[in-house]
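Hi everyone, thanks for making time for this. Let me put the structure up.

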Amino acid sequence: MPMNKRKRILSSVAALFLTALLISYWAQISPLIIVLLYFSMTAITFITYAIDKSRAKHNKWRIKEVTLHVMSLIGGWPGAILGQEFLRHKTVKGRFRIIFYMTVLGNLFVLALLYSRLLGAL
C-alpha cells in the first residue's frame with residue numbers, strides 16, 4: 001500500500017477512535033477518566049516517538065521498543081500511529097509493527113471488556 005494512502009487510513013483510524021471516545025463521553029457512556037487516559041497517553045506517546053526519532057537521527061541513546069509497546073498497550077496507540085506515520089518512525093521494522101498491532105488489539109480487547117461491564121451495570 002502506498003505510504004500516503006496508508007498514512008491517511010491509519011491517521012483516520014486514530015482520529016475516529018478519539019472522536020468516538022469523546023462522543024461516548026458526551027453521551028455519558030464513557031467515564032471522564034478513560035477519555036483523559038487515552039488523550040494524555042496519545043500525546044505522551046507521540047512526544048516519545050518524536051524524542052526517539054530525534055535520538056535516532058543523532059545517534060544517541062534510544063528509547064527501548066518495549067517502552068513504546070507498553071505505552072501503546074496502556075492507551076497511547078493513537079499517538080503511536082500518528083508518530084509512526086507523520087514522523088516516519090518505526091514504519092519499516094516488520095517485527096515491531098506486528099507487536100505494535102498486537103498491543104492495539106490487546107488494548108481494544110481490554111477496553112471492550114471494560115465497556116461490557118460498564119454497560120452491563122446500567
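Let's start with Glu85 and Arg97, whose side chains meet in a salt bridge at 3.6 Å, N to O. By salt bridge I mean a side-chain nitrogen of Lys or Arg within 4 Å of a carboxyl oxygen of Asp or Glu. This pair links distant parts of the chain, with Glu85 in helix α3 and Arg97 in helix α4, twelve residues apart. The helices here are DSSP runs of H or I with at least four residues, numbered from the N terminus.

A quick word on where this comes from: it is a predicted model, local features need pLDDT of at least 70, and side-chain atom pairs count only at pLDDT 80 or more, while totals for chains, interfaces and linings use all residues. Residues are numbered from 1 along each chain as its sequence is written, and side-chain values use heavy atoms, with hydrogens and water left out.

Back to our pair: are its two partners buried or exposed? Glu85 is buried at 0% relative accessibility, and Arg97 is buried too, at 9%. Buried means under 20% relative accessible area, exposed means over 50%, and partly exposed is in between, using a 1.4 Å probe and protein chains only.

How many salt bridges does the structure hold? There are three. Another one joins Asp52 to Arg62, with the closest N and O atoms 2.9 Å apart. Here Asp52 sits in helix α2, residues 32-57, and Arg62 in the loop between α2 and α3, ten residues apart. Asp52 is buried, with a relative accessible area of 0%, whereas Arg62 is partly exposed at 32%.

Then there is Glu65 with Lys93, whose closest N and O atoms are 2.4 Å apart. Glu65 belongs to helix α3, and Lys93 lies in the loop between α3 and α4, 28 residues away. Lys93 counts as partly exposed, at 43%.

Now for the helix contact. α2 and α3 pack at an angle of about 55°, and their axes are 7 Å apart. The axes are lines fitted to C-alpha atoms over the stretch in contact, and angles run from 0 to 180 degrees between N-to-C directions. α2 and α3 are therefore oblique to each other; under 35 degrees would be roughly parallel, over 145 roughly antiparallel, 65 to 115 roughly perpendicular, and the rest is oblique.

Which residue classes make up the contact of α2 with α3? It has 15 nonpolar, eight polar and two charged residues. Nonpolar covers Ala, Val, Leu, Ile, Met, Phe, Trp, Tyr, Cys and Pro, charged covers Asp, Glu, Lys and Arg, and the others, Gly among them, are polar.

Conventions: Helices (H or I, at least four residues) and strands (E, at least two) are DSSP runs, numbered from the N terminus.
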